[in-house]
Amino acid sequence: MGTAVKKGEKPNVGATPNKEQKGESPLELLMYLIIGVGFGIIFIKAEIVSWFRIQEMFRLQSFFMYGVIGSAVVVGALSIQIIKWFNIKTIKGDKIIITDKEFRKGQIIGGFIFGLGWALTGACPGPLFAQIGSGFTVILVTLISAVAGTWVYGRFSHKLPN
Amino acid sequence: MEQFIEWIKQPWPWWIAGPMIGLIVPTLLIVGGKAFGISSSLRHVCAMCVPSNIPFFTYDWKKELWNIAFVIGVAIGGFIGHNLLANPEMIEVAESTQRDLAALGITDYRSIMPHEIFNWENLFTAKGLLFFVIGGFLVGFGTRYAGGCTSGHAIMGISSLQWPSVVATIFFMAGGFLMTHVFLGPLMKLVGF
């Protein structure tokens with residue numbers, strides 16, 4: 001698991017994906033910011049961040065979101081296979097390691113809770129940021145509340161079934 | 001060039017957007033060996049601002065700043081997409097969805113989000129409490145409990161053939177179906193739609 005996992009602490013599934021020993025330089029951070037910009041533009045241009053699209057999806061009245069997620073998974077899976085077949089390294093020359101996710105009850109309970117929120121807000125965490133950028137500044141409140149939800153999970157995680 | 005601008009202003013079809021999102025997976029892996037995931041950024045914000053000595057938040061968040069830079073980029077991308085490349089038309093939504101939403105009191109299709117729900121006037125009302133405060137809380141709590149969101153589990157997880165991510169995605173959808181078909185109508189009535 002990621003370097004952020006302290007000794008004695010149970011590593012958390014997919015929580016800290018950074019396997020680097022040290023953080024990124026400002027220039028590298030800028031690179032991630034630019035990748036994020038591209039991602040945000042796709043989000044808006046395909047209207048994936050739209051509350052209406054999420055309603056269409058959960059009402060099974062449009063194929064659009066299923067097409068987006070399905071084709072993203074196919075391209076993602078093919079890319080990972082190509083990386084494995086050709087043993088492609090990072091641009092710094094490091095080996096690419098993909099950590100296996102461990103099954104936990106949280107994926108059921110937490111997943112279900114997130115689903116309830118997803119249908120209300122019309123957004124997973126990524127689109128929240130894009131919605132704010134696109135001018136729906138009131139979504140800042142949703143974002144702060146999502147941070148609060150994350151904090152409450154962290155505070156009580158040891159008491160929850162996992 | 002003008003034709004290109006015209007074309008780029010149209011909403012993009014799923015078969016363009018989906019593969020482009022899929023390409024984020026190898027991009028992040030090749031650039032820095034990073035696993036695609038967005039909900040972690042919420043955890044890093046907690047670790048930066050209110051760690052409160054909670055073991056879950058006491059880690060070196062400086063190593064995770066790439067994730068924060070990435071989501072700031074997503075917000076900037078949202079700004080650019082909306083202001084420079086905006087679709088001048090109303091959003092096209094399936095007629096059956098429009099009928100269902102009209103029954104709930106949602107009829108404004110001028111923007112990607114319905115103004116009836118997402119505006120500052122609703123902040124201190126029951127509508128704001130439901131859609132912003134409770135909705136946001138469920139997203140933040142649920143994604144962290146599940147160990148990821150649509151990006152980390154549905155896209156990155158399933159792409160790398162992780163079966164726990166398939167389980168998580170099934171329950172994301174189950175929660176969404178239940179909210180949409182069972183709770184949303186009565187809840188919206190309750191808050192005054």
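I count helices (H or I, at least four residues) and strands (E, at least two) as DSSP runs, numbered from the N terminus.

**Entry 1: ground rules.** I am looking at a predicted model, where local features need pLDDT of at least 70, side-chain atom pairs count only at pLDDT 80 or more, and totals for chains, interfaces and linings use all residues. Residues are numbered from 1 along each chain as its sequence is written, while chains are lettered from A and ligands numbered from 1 in the order in which they are written.

**Entry 2: chain B.** From the N terminus I read the elements of chain B as α-α-α-α-α-α-α-α. That gives eight helices and zero strands. I find that its C-alpha trace spans about 50 × 45 × 35 Å along the principal axes. I looked up burial next: 52% of the 193 residues of chain B count as buried (20 or more other C-beta atoms within 10 Å of the residue's own, with C-beta atoms placed from the backbone).

**Entry 3: the core.** Which residues touch the most other members of the largest nonpolar core? I note Phe43(A), Val68(A), Ala17(B), Leu138(B) and Ile155(B), out of 98 residues. Such a core is a set of buried Ala, Val, Leu, Ile, Met, Phe, Trp, Tyr and Cys residues joined through C-beta atoms within 7 Å. I picked out Ile155(B): leaving aside residues up to four places away in sequence, it touches Ala72(A), Val73(A), Gly76(A), Ile21(B), Val25(B), Phe36(B) and Thr150(B).

**Entry 4: a helix pair.** The axes of helix H4 (residues 106–121) of chain A and H6(B) come within 7 Å and cross at roughly 155°. Axes here are lines fitted to C-alpha atoms, for helices over the stretch in contact, and angles run from 0 to 180 degrees between N-to-C directions. H4(A) and H6(B) are therefore roughly antiparallel to each other (angles over 145 degrees count so). I sorted the residues of this contact into 13 nonpolar, ten polar and no charged. Ala, Val, Leu, Ile, Met, Phe, Trp, Tyr, Cys and Pro count as nonpolar, Asp, Glu, Lys and Arg as charged, and the others, Gly among them, as polar.

**Entry 5: where the chains meet.** How many residues of chain A are in contact with chain B? I find 118, in contact with 118 residues of chain B (contact needs C-beta atoms, placed from the backbone, within 7 Å). H1(A) brings the largest share of chain A's side, 17 residues. I divide that side into 64 nonpolar, 37 polar and 17 charged residues.

How values were computed
A residue is buried if 20 or more other C-beta atoms lie within 10 Å of its own, exposed if 12 or fewer, and partly exposed in between; C-beta atoms are placed from the backbone. Two residues are in contact if their C-beta atoms, placed from the backbone, lie within 7 Å. Angles under 35 degrees count as roughly parallel, over 145 as roughly antiparallel, 65 to 115 as roughly perpendicular and the rest as oblique.
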